[in-house]
Amino acid sequence: MGFCNDREDINSLCLTVVHRLFDRYDVKPQDIGRLEVGTETILDKSKSVKSCLMQLFEPSGNTDVEGIDTTNACYGGTAALFNAISWVESSAWDGRLALVVCADNAVYAPGSARPTGGAGAIAMLVGPHAPLVLDQGLRASCMRHVYDFYKPDLRSEYPTVDGRLSIQCYLSALDTCYQRYCDKVKAKKANHQTSVNDFDAVLFHSPYCKLVQKSFARLALVDFINSSKSKSIENHVDLQKFSNIALEDTYFDRDVEKAFMALSKEDFEKKTKPSLFIANQVGNMYTPSVYSGLISLLIDKPIEELAGNKIGVFSYGSGLASSMYSITVTSDLSQDSQLRKLVTNLSYVKTQLEARQQVHPEEYTKVLSLREKNCHTVPYEPQGSIDNMFPGTYYLVKVDEMYRRTYERVPKLK
């Protein structure tokens with residue numbers, strides 16, 4: 001599980017990934033015309049994280065950058081991505097690139113939920129000639145008013161959680177989004193009945209990896225119910241007892257869960273398990289979670305196997321907001337293709353994960369206690385060390401008596 005000491009916060013995480021993206025892809029600040037941040041880690045009720053990121057743009061003279069923050073639990077990054085794509089497709093687009101940042105520092109109060117935390121940030125460029133393309137018109141959402149996970153206490157970093165309800169909401173939203181996605185495909189492609197077989201990979205928001213496996217099994221369940229309605233269930237004689245069940249009655253049905261996890265196990269191993277590499281290493285990053293699955297897939301598969309793939313994506317944020325959409329990977333395998341550039345520039349991920357400093361759980365508890373104690377302390381100078389931070393990482397120097405935060409960057413290796 002990844003976590004931050006008091007030297008890092010949501011601003012520093014975002015500053016780090018944006019500056020690194022500029023370096024790795026040779027992007028200049030003036031190349032960006034829109035910048036959107038998705039996060040639920042709030043330091044200020046008024047000033048956006050995006051406004052803090054503008055310190056990377058101002059030296060170049062580029063202050064003409066649209067966009068602000070988007071917040072709804074773990075879904076904010078997906079909303080930011082949709083907004084960025086809409087801008088590039090709109091009459092307002094001025095030819096420059098859009099930049100989307102998904103970031104959170106996920107921490108829990110002492111108790112059983114604490115191990116499901118994590119921390120991370122991901123930056124994504126949006127523009128023409130991209131190696132990953134969202135399929136037009138094939139997007140389905142489910143939005144509801146629910147108190148399954150929320151952060152009503154602005155004095156604390158910790159959430160209020162109804163664990164059982166949260167799982168129910170997640171699975172219910174998945175069922176709804178997938179069914180609506182299937183309906184949109186059917187309307188667009190001459191009554192084609194979508195199933196898991198249509199995807200080369202399926203990515204999920206991953207609060208914890210076991211829920212992802214159960215979620216993949218839900219897709220198999222929905223496929224089965226749809227095939228039952230069309231009377232094409234000859235290959236599922238042993239499952240016919242489930243053909244008339246209602247989805248809303250199955251969220252905690254162990255028999256249904258066991259049957260469809262077994263049925264979908266082979267497909268899960270092939271289509272989804274590779275996307276859980278980073279989640280297993282870093283924990284639940286909240287907003288970046290589903291996009292860490294995309295990175296995991298891109299660094300797991302040989303590029304020849306990635307080319308032309310169709311990837312299903314389910315993004316969920318409690319409260320609740322959710323969407324399912326699909327991505328098509330370009331088939332261009334030329335030596336200077338954008339796909340090769342993308343995959344090559346992600347080659348650092350495994351090496352950097354292996355180079356992290358490991359600490360004992362007691363140390364983690366001390367860090368969270370320090371953060372909790374000084375959550376609103378001003379003036380404040382962080383006590384955490386920067387000695388083991390990777391080159392190019394931004395860190396908090398101080399918070400002054402007016403709550404203004406100052407950051408510096410660990411020097412890059414020459």
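Me: Where is glutamate 40 found?
Reply: This is a predicted model, in which local features need pLDDT of at least 70, side-chain atom pairs count only at pLDDT 80 or more, and totals for chains, interfaces and linings use all residues. Residues are numbered from 1 along each chain as its sequence is written, and side-chain values use heavy atoms, with hydrogens and water left out. Helices (H or I, at least four residues) and strands (E, at least two) are DSSP runs, numbered from the N terminus. On that basis, glutamate 40 lies in the loop between β1 (32-38) and α2 (49-53).

Me: Is glutamate 40 buried or exposed?
Reply: Buried means under 20% relative accessible area, exposed over 50%, and partly exposed in between (1.4 Å probe, protein chains only). Glutamate 40 has a relative accessible area of 7%, so this residue is buried.

Me: Which residues does UniProt give as "active site"?
Reply: The record is an unreviewed entry, and its annotations may be inferred rather than shown by experiment.

Me: Which residues does the UniProt annotation "binding site" cover?
Reply: In the unreviewed entry, this annotation covers Ser166, Lys210 and Lys214. They span 49 residues in sequence, yet no two of their C-alpha atoms are more than 14.4 Å apart, so they gather at one spot.

Me: What is the relative accessibility of lysine 210?
Reply: Lysine 214, with a relative accessible area of 24%, is partly exposed. Lysine 210 also counts as partly exposed, because its relative accessibility is 46%.
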